[in-house]
Amino acid sequence: MSRIGSAALVLALTICARPASATTIAILMIPPTAQTRLLHDGLEEHARARNVLVHVAYAREGAGDQQVGQARRFIAEKVDALVVMPADPSAGAVITRLAQEADIPLVYVNNWLGADWSAGRVVFVMPNDLVAGRLQMRKLAQMLNGVGRVALIGGHASHPGSALRTRGAKEVMAEFPGLRLVAETITDGDRLTARSAVTGWLAKGIRIDAIAATNDEMAIGAAEAIAAVGLPAGRILIGGVDATADGMQAMQEKRLAVTIYQDAATQSRRAIDDALALIRHEPVQQYDWMPSELITDRISTTHFSR
């Protein structure tokens with residue numbers, strides 16, 4: 001038998017060996033990036049550790065219609081549950097309605113939809129991004145001794161969590177009369193657009209003492225812009241959120257002053273466990289909040305680098 005024929009036979013045997021009654025969970029999310037890779041990998045890992053079959057579909061940020069179409073397809077295929085990281089808040093209401101009508105458990109993970117409560121078997125597993133923004137800015141304010149010029153960088157408009165982090169930062173700034181907002185922008189949530197924004201601010205002569213970005217990628221982009229004009233690391237304090245591997249490395253190099261750890265592995269595990277509990281019609285708290293933890297260069301980063 002040819003190598004191709006052998007491979008096809010193995011695949012066919014594998015498919016046939018799957019039990020017809022196996023639990024199946026569909027995961028809908030944005031494509032894995034620096035800040036979502038751990039979440040993506042954790043969801044698949046925890047599902048498979050519990051002998052759950054997994055189907056994954058991606059939709060870029062803002063592509064709500066595409067994600068709704070994916071949800072319709074998986075519901076038609078009669079998956080046992082949906083785990084969704086919303087690509088766009090507007091898609092959430094539609095996906096929730098579709099799941100409720102089909103009586104399929106739905107777990108939203110990592111991203112806020114702005115809903116206070118949902119009927120049916122619907123659960124939200126996420127960090128409190130408002131708290132993350134408050135933690136970040138409070139530490140920056142402390143490092144500035146309550147006085148300084150602050151710039152804010154927010155992420156993609158389709159990511160409500162980013163808006164909540166910015167809101168939290170502004171709430172804390174209002175407590176410090178000596179802090180002044182000198183620049184603010186919304187970017188695509190990546191290094192390139194953040195670097196471009198900060199480069200523009202510096203070129204205009206805007207004087208900045210601290211930059212609060214709503215994720216580590218944008219914080220690193222800001223650090224790159226600062227380095228490009230010859231300013232030493234640490235001259236402008238930079239805060240991020242997510243405690244990604246690159247973010248932790250940047251902190252160890254003194255390019256970032258603070259970040260916020262939001263445990264993607266725990267989010268992943270709880271999302272899958274909540275979905276399985278909902279499948280079994282067990283009671284699950286609708287809001288399953290994840291803790292946020294402040295990280296600075298004075299805090300041991302060993303367990304955050306895994």
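How many cavities of 30 Å³ or more does a search of the whole structure find? The search finds 1. The structure is a predicted model, in which local features need pLDDT of at least 70, side-chain atom pairs count only at pLDDT 80 or more, and totals for chains, interfaces and linings use all residues. Residues are numbered from 1 along each chain as its sequence is written, and side-chain values use heavy atoms, with hydrogens and water left out.

A cavity is a set of points, on a 1 Å grid over the protein atoms alone, where a 1.4 Å probe fits but cannot get out; lining residues have an atom within 4 Å of a point. Volume is the space filled by probe spheres set on the points, which are joined across faces, edges and corners. The largest cavity holds about 30 Å³ of space. Its lining consists of Q136, L152, R165, T166, A169, A212, A213 and T214. Helix α6 (160–173) and strand β8 (210–213) each supply at least two lining residues. Helices (H or I, at least four residues) and strands (E, at least two) are DSSP runs, numbered from the N terminus. The largest share of this lining, 3 residues, comes from α6. By class, 4 lining residues are nonpolar, 3 polar and 1 charged. Here Ala, Val, Leu, Ile, Met, Phe, Trp, Tyr, Cys and Pro count as nonpolar, Asp, Glu, Lys and Arg as charged, and the others, Gly among them, as polar.

A pocket is an open set of grid points with protein on both sides within 12 Å along at least five of seven lines. The second largest pocket has a volume of about 240 Å³. It is lined by 14 residues, of which M143, L237, L256, A257 and D297 are the closest to its centre. Elements giving two or more residues to this lining are α5 (129–143) and β9 (237–239). The lining divides into 7 nonpolar, 2 polar and 5 charged residues.

An open sheet of 6 strands runs in the order β2-β1-β3-β4-β5-β11, with parallel pairing. Two strands pair if DSSP finds at least two bridges between them. The edge strands, β2 (53–58) and β11 (287–290), each pair on one side only. Parallel strands β3 (residues 81–84) and β4 (residues 106–109) are joined by 3 bridges. V84 has Y108 of β4 as its bridge partner. Helix α10 (residues 264–279) packs on the sheet and touches β1 (24–29), β3, β4, β5 (122–127) and β11. Contact means heavy atoms within 4.5 Å.

Helices α3 (residues 64–76) and α4 (residues 89–102) pack at about 10 degrees, with their axes 9 Å apart. Axes are lines fitted to C-alpha atoms, for helices over the stretch in contact, and angles run from 0 to 180 degrees between N-to-C directions. The two helices, α3 and α4, are therefore roughly parallel to each other (angles under 35 degrees). By class, their contact has 9 nonpolar, 2 polar and 2 charged residues.

Definitions and conventions. Angles under 35 degrees count as roughly parallel, over 145 as roughly antiparallel, 65 to 115 as roughly perpendicular and the rest as oblique.
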